Amino acid sequence: MYILFIEDDAIETMKFQRTMSKLETKHSLIEAKNGEEALAYLESGKSLPDIILLDLNMPRMNGIEFLGILKQHDKIKYLPTIVLTTSENRDDLLECYKIGIAGYVIKPLKYEDYETKLKTVIEYWDINELVKA
Ligand SMILES: [Mg+2]
């Protein structure tokens, strides 16, 4: 599975890479530090990811701004996007679902809990039929 991981925090990125390395199935990661970088990748003509994992709080272009633009793009608006955030803000949650997301996951603070939760997310998407663009 090809995953676009959008996150500004280097420690969060390392946590995710470490979790991915422990999974039995192989995944390819594309990393972007904010919405702008992610859009540049998606518009570059390179192969599209199967799913997107999206942080909300990021400089330059945050997650909600990114989602809004993604959904206006006919070619890429279908990409399943799962929000991965520490924000338990109900307005953020509601706004994301209104724009259109495939999931909203709160990042646990403890690494063990993070790993368990993220493995579940990836395993769930592994059993889904993906567009493979
Ligand atoms: Mg962040």
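The legends below describe close-up views of a predicted model. Local features need pLDDT of at least 70 and side-chain atom pairs count only at pLDDT 80 or more, while totals for chains, interfaces and linings use all residues. Residue numbers start from 1 along each chain as its sequence is written.

**View A. The open sheet of five strands.** The strand order is S2-S1-S3-S4-S5, with parallel pairing. Strands (E, at least two residues) and helices (H or I, at least four) are DSSP runs, numbered from the N terminus. Two strands pair if DSSP finds at least two bridges between them. Strand S2 (28-32) and strand S5 (103-106) are the edge strands, each pairing on one side only. From one strand to the next the twist averages 20 degrees. Angles run from 0 to 180 degrees between N-to-C directions, and axes are lines fitted to C-alpha atoms, for helices over the stretch in contact.

**View B. Strands S1 and S2.** S1 (residues 2-6) runs parallel to S2 and is joined to S2 by five bridges. Tyr2 has Ser28 in S2 as its bridge partner, and Ile3 has Leu29 in S2. Together with H1, these strands make a right-handed β-α-β unit. A crossover is right-handed if, with the strands pointing away from the viewer, the path from the first strand over the helix to the second runs clockwise.

**View C. Strands S4 and S5.** These strands run parallel and are joined by four bridges. Val83 stands opposite Tyr104 in S5. The chain passes from S4 through H4 to S5 in a right-handed β-α-β crossover.

**View D. Helix H1 against helix H5.** H1 (residues 10-21) and H5 (residues 111-126) pack at an angle of about 60 degrees, and their axes are 10 Å apart. H1 is therefore oblique to H5; angles under 35 degrees count as roughly parallel, over 145 as roughly antiparallel, 65 to 115 as roughly perpendicular and the rest as oblique. The crossing is right-handed, meaning that the near helix is turned clockwise from the far one by less than a right angle, anticlockwise being left-handed. On the H1 side Lys15, Phe16 and Thr19 meet Tyr111, Tyr114, Glu115, Leu118 and Lys119 of H5. Residues are in contact if their C-beta atoms, placed from the backbone, lie within 7 Å. The contact of H1 with H5 has four nonpolar, one polar and three charged residues. Nonpolar covers Ala, Val, Leu, Ile, Met, Phe, Trp, Tyr, Cys and Pro, charged covers Asp, Glu, Lys and Arg, and polar covers the others, Gly among them.

View E. The axes of H3 and H4 (residues 90-99) come within 10 Å and cross at roughly 15 degrees, so H3 and H4 are roughly parallel to each other. The crossing of H3 past H4 is left-handed. Ile64, Leu67 and Gly68 of H3 make the contact with Glu95, Cys96 and Ile99 of H4. By class, this contact has four nonpolar, one polar and one charged residues. H3 (residues 63-70) also lies across S1, S3 (51-54) and S4 (81-85), running at about 175 degrees to S4.

**View F. Helix H2 against helix H3.** H2 (residues 35-42) and H3 have axes that come within 9 Å and cross at roughly 25 degrees. H2 is therefore roughly parallel to H3. Gly35, Ala38 and Leu39 of H2 are in contact with Gly63, Glu65, Phe66 and Ile69 of H3. Four nonpolar, two polar and one charged residues form this contact.

Key: Two residues are in contact if their C-beta atoms, placed from the backbone, lie within 7 Å.
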